Amino acid sequence: MEKQGYLGIDVGSISTNLVMISEDGGVLFQAYTRVDGDPIESIQKALSAMRDVLPEGFRVCGAGVTGSARYLIGGVIGADVVKNEISAHARAAIHLHPDVKTIFEIGGQDSKVTVVRDGVVVDFAMNLVCAAGTGSFLDSQAKRLNISIEELGEKALLSDTPTAIAGRCTVFAESDMIHKQQAGHRQEDIIMGLCHAMVRNFLNNVCTGKDIESPVVLQGGISANKGIRRAFESMLGSRPIVPRYNMVMGAYGAALIASDAGVRRTSYRGYEVCDLRIITSSFICSDCENRCEIVEVSDRREALARSGGRCRKWEGRVTKPGPPG
Amino acid sequence: MSGSKRTDYRSVAMPRALWYHLYPGMWEVFFRSLGLSVVVSAKTDRATVERAALISEPEHCLPLKLHDAHLHGVVGAADVVFIPRVLSTLTEHIACPKLGSLPDCAVAQFGDETPILTIDIDENKRSVHRSMLELGSELGFRRNATRAAAAAALSAMKTERNGLKTCIDREDDYFLILAHPYILHDAYVSAPVFGKLDAMNVKWLFPDYGCESIESGPIKWDACGIMHDALLRLDAGRCVGVIHLSAFNCGCDSIVMEVFRGLLWEKNIPYMTLVIDEHEGRAGLDTRLEAFVDSIGWRNTLDNAV
Amino acid sequence: MKKKLKRLAFEPWGNYAIALAASVQCLNVEPWTRTATTPEVLELGVAASPDSACLSFKACTGHFLEAAREGVEYGVMVNSVGTCRLRYYRMLQQQLLEERGFKLFIFGLGYDGIKPPLIRHFDPRPGPFLKCCVRARAKVLAVDAIEKYAWHTRARELHRGDTTRVLNECLGDLERADSLLDIRRVKESIPVRFKKIAVKKDAIPLKIGLLGEATVLRNRFLNHNIEEILGGLGAEVFNFFLLGEEMKNIFGIGMWGRHSRWTLKRLAAPYLKSLVGGHALDSVANAIRCARGGYDGVVHVCPTGCMPEISVRPILRKISTDMDLPVLECSFDEHTSHLGVITRLEAFVDILNARRTRGNQTWKNRVISV
């Protein structure tokens, strides 16, 4: 068993993922946790689970954090690298599939397309405000149909004539779906129709004007869904590759980026993170007329990290004298 | 492009969208009279709308998206694709800014695959008739031939416009429909609305977009100016309601709708806006139209119900 | 006792508010000083405006509404004669204010006969009026100078925030400067103050051009502080909307400057042969200028649905492929998530850095001088 490695954490809106890799990029440990509330708590749980798996005396040489709460969490755990999710996801996809040309990453609340040529990101796009091309679209429709998201994927495969479901956004699609239900369409056809609608919205809203070429890598929470995979296949004309660690690619990428960074001495706090008693508070910054709300995370009396505000002066770890743990 | 001789063009293609509907029937007759064969893209259908969503800029308005899709459909279908630069279709007024960059965008998108033929149309500088003459001479046609073609084209447009339903019986009450010509004449977009109105036995008309000039008002966009002018001269006794058909993301409409709302509120005429987008939601459209007509207490509907 | 002056609100145009305030002093009115857009102001504007109006309109409307609530008597709004929606904003805002029972009257600042209505109404004496105009112009130029130094320094600063602090100090001094002499003193102090900031001496930062719609380019609330975000990521930006240069175009003087309409038209001609409206031509021309000038990339910013800017996007894409210039399209509306903007900009900077490392870009270390 390896004696040292790099940690990657992805703090998204729907899930918190954690990956530990060895120096040659192999995955030693991975955890995918659905967030129900506090991301720090789920990180603590994942870390203690990791402690049980990894050998005694395992050394973490560097830690990278990505995802929407990256600055705050980066400050809390003492990350060496804080990276945006587009670059992190691309890093992992290119590592696993060096010939990749297009990456579709569909998460809970955002979806992205990244165009890669010769192993380098050359272009990307993210969904704007609309949730139609994201995982939450399927989530809400599954809720409406009263089935689980996993069931939804299985059932979709039974369909041979998907129902056409119109609608740019979740609300419109839902009304159209109800309409189709009332018209007597089979449930599996409606479900496959929903998958098609989601993929179509993603291709129309996010991928417009982007050079989509095969091989396509599909990753993010949604890539586990078989119906979505099938829908992509029928619309692109080729089967998208779903990488081995499809659910935790962001965290994987963050770990890889941490290992690229050539960290001499990591500022990662180690398992000490598990013992932190996190108190989250907020205050209003009165330095300018925007009066932004700043979130502060502290352990007992000591402030660890802050985030928020339209300027970037509060982002990240609260620097304090003395060596980090 | 400017260096090559253009007289060897034997056929010309154009998208059936946007500016095409501003001059219904005119361009086809013009080019055909000059002896060119004309390819116009097929009428908007579901496939067009789907292609529009896939290839066009998501933030464009619906008519512009449709234009992109129609254009995509005719590239390569003829020797040259014709896209005029419409700067103004009415004196003292200007066109929507988006029309001004259309030929350049077409060159940017399809310039490698086809030559693009263009001509400035700016009623503030010269009439569309003169623009056609200039286009003819640019293409290398003789003056007489161009003149005859332009005359034929203008009269064809007049016939086409007269064929449209713009007048009703003198005694009837009516609804006024406000919509840009390219919404009005694109059956795929407007037919559901008109079909529903007809089904409810409602009389309706729209402003005369063929008028030569209007009094200069605050709205300087051509079609919107005509709508505004029509509203100012609206007879509150006979016009029972105004329905504004707007395309999703139409920039001009977003402004003038507020102005119209204020104006009609003062005139005490009910006003409803219907925003149409590429995603069909016909049920919702029908509901709103019915509710609007019902709320006015449209007598024909009541008669029919009995 | 001094009579209480009537107050005048103007549109929120970033740091240029300082200069605008100076320009109205001669009219014997007090400038309404709360000129920064805040979340509350935007909320007011969004609630009152038509849904599909652009972000600039919503912010500006919110601003006038706030002023009207405070009892401000007058407002002044740019009143263009172009094809863009901007032309009707004043009219619409006046209508929205009246519908809500506010008395604020908005003057149009634009061509309307010989004298703008604002001047006709207040009728200042020519002497003080001219003096004010000269002072306002000096302040605009000073703001431009300060910003240029800030863009340059921020990408190189050692301690994050130093540049912004100096920038705000300079702007504060400029605001307080009353006479031409004071303004000149501030202007002369700018290089000295910025040179005091500790910088990474050997850094060769990325160079990113900011193009697009003027209000969003200049209002740092609306553009989510794009200059600071990029600067913090180690990129030197150049914001192509400079009021000092734009003034020449507005008044139709100076054909020869780098930013004159004439120069821009000539630059853009291979790709765009029409003015389109707004600053669409400027965006195309400046994108070409960036490509030729060795910029690493450009960010095209505009409000969502901006008529002129969106309509030239296909052309910008063509320029991007033809001239190998990465372009990031950013449209902003009231729903734009701040985090999404940061993520996008970070990823864009990553791409540009990767391009540099791979050396597939003919990058020249040229000092941007305008």
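In the predicted model, chain C is split into two domains, domain 1 spanning 7-123 and domain 2 spanning 203-370. The separation between the C-alpha centres of domain 1 of chain C and domain 2 of chain C is 27 Å. Their contact draws 18 residues from domain 1 of chain C and 20 residues from domain 2 of chain C.

On the side of domain 1 of chain C that touches domain 2 of chain C, at least two residues each are supplied by helix 2 (39-48) and helix 3 (55-69) of chain C. Helix 3 of chain C contributes the most to this side, with 4 residues. By residue class, the side of domain 1 of chain C that touches domain 2 of chain C consists of 10 nonpolar, 6 polar and 2 charged residues.

Chain C also forms a contact with chain A, to which chain C gives 24 residues and chain A gives 18 residues. Within the side of chain C that touches chain A, helix 10 (226-232) and helix 16 (338-358) of chain C each provide at least two residues. The largest share, 11 residues, belongs to helix 16 of chain C. The composition of the side of chain C that touches chain A is 8 nonpolar, 9 polar and 7 charged residues.

Definitions and conventions:
Residues numbered from 1 in each chain as written. Chains lettered and ligands numbered in written order. Predicted model: local features only at pLDDT ≥ 70, side-chain atom pairs only at ≥ 80, totals over all residues. Domains from an automatic or database assignment. Contact = placed C-beta atoms within 7 Å. Nonpolar A, V, L, I, M, F, W, Y, C, P; charged D, E, K, R; others polar.
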